[in-house]
Amino acid sequence: MSQDKSQHDGAETVDLSNLPPDPSRRLWVTTACAAGGIAGVATAVPFVGSFAPSEKARAAGAPVEVDVSSIKPGEMRTVEWRGKPVWILHRTEQQVEELKNNDSQLADPNSERPGFTPPYAQNEYRSRKPELFVAVGICTHLGCSPTPELAAEPGPGLPADWEGGFFCPCHGSTFDLAGRVYKNKPAPDNLEVPPYQFSADGSSVIIGVDDDNKA
Ligand code: FES
């Protein structure tokens with residue numbers, strides 16, 4: 001885990017899998033990386049320079065910068081932004097390639113429903129870069145935090161042909177590796193993609209503000 005430029009964000013990391021859903025709660029299930037167990041590491045970003053936020057964003061909370069250069073393919077990191085868990089998943093080439101196979105099973109495969117996907121993520125990857133997926137880890141049903149089930153293999157509550165994705169333990173909603181909800185599940189919408197942008201050298205993601213649509 002890289003500690004060189006970051007400090008821990010102090011997020012409270014607890015297991016809520018046995019608690020009832022509560023959309024107002026600000027705690028969240030720990031989503032320690034299934035592959036590597038990476039803890040959330042982030043740095044609050046000062047309001048300076050090219051990503052100066054709006055007054056609304058300033059009141060809501062500072063952007064968070066995350067070093068993504070150390071997240072290996074197949075690994076996921078969770079950080080806190082505005083009291084919410086935000087996932088950064090480095091998808092493998094195979095995982096990216098297989099995303100298009102899911103479309104017929106998804107409720108909103110092209111992310112056309114408003115409010116959950118910024119314009120720059122309205123593509124088959126739901127991300128600025130195909131391999132790096134950034135999403136708010138809160139179920140769009142009643143606010144539980146889904147569990148990463150990244151491996152393409154069946155498990156409790158998962159279908160036999162599971163391709164890898166996220167499983168909400170509260171009421172069984174499932175999402176693919178682009179956070180798109182499967183059809184006929186309680187969750188009505190895809191997972192939210194927050195505003196974000198990359199640093200100039202591409203080594204970091206800045207969550208909470210972007211060039212196209214300042215939060
Ligand atoms: S909170 Fe109900 S399925 Fe996720």
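Tutor: A cavity here is a set of points on a 1 Å grid over the protein atoms alone where a 1.4 Å probe fits but cannot get out. Please also keep in mind that the model is predicted.

Student: Which residues line the largest cavity?

Tutor: Its lining is made up of Gln 95, Glu 98, Leu 99 and Asn 102, together with Glu 163, Gly 164, Asp 176 and Leu 177.

Student: Let's step back. How many helices and strands are in the protein?

Tutor: The protein has two helices and 10 strands, and, read from the N terminus, its elements follow the order β-α-β-β-β-α-β-β-β-β-β-β.

Student: And what percentage of the residues is buried?

Tutor: Of the 215 residues in the protein, 48% are buried. As for the surface, the protein exposes about 9800 Å², of which carbon and sulfur atoms supply 50%.

Student: What about contacts between residues at least 6 apart in sequence, what share joins residues at least 24 apart?

Tutor: That share is 60% of those contacts in the protein.

Student: Now the sheet with three strands, what order do they have?

Tutor: The order is β3-β4-β5 in an open sheet, and the pairing is antiparallel. Because β3 (76-81) and β5 (132-136) stand at the edges with a single partner strand each, one side of each is left without a neighbour in the sheet. On average, neighbouring strands of this sheet are turned by 20° against each other, with direction ignored.

Student: How many bridges join β4 to β5?

Tutor: Five bridges join β4, which covers residues 84-90, to β5, and the two strands run antiparallel.

Student: Is Glu 75 buried or exposed, and why?

Tutor: Glu 75 counts as buried because its relative accessible area is 13%, and buried means under 20%.

Student: How far apart are the C-alpha atoms of Glu 75 and Leu 89?

Tutor: Their C-alpha atoms are separated by 6.1 Å, although Glu 75 and Leu 89 are 14 residues apart along the chain.

Note on methods: Residues numbered from 1 in each chain as written. Predicted model: local features only at pLDDT ≥ 70, side-chain atom pairs only at ≥ 80, totals over all residues. Heavy atoms only, no water. Pairing = 2+ DSSP bridges. Helix = DSSP H or I, 4+ residues; strand = E, 2+ residues; numbered from the N terminus. Axes fitted to C-alpha atoms, helices over the stretch in contact; angles between N-to-C directions. Buried < 20%, exposed > 50% of the residue type's maximum accessible area, 1.4 Å probe, protein only. Contact = heavy atoms within 4.5 Å. Areas by Shrake-Rupley, 256 points an atom, 1.4 Å probe, with all protein chains shown as cover. 1 Å grid on protein atoms, 1.4 Å probe; cavity = no way out; pocket = protein on both sides within 12 Å on 5 of 7 lines; lining within 4 Å.
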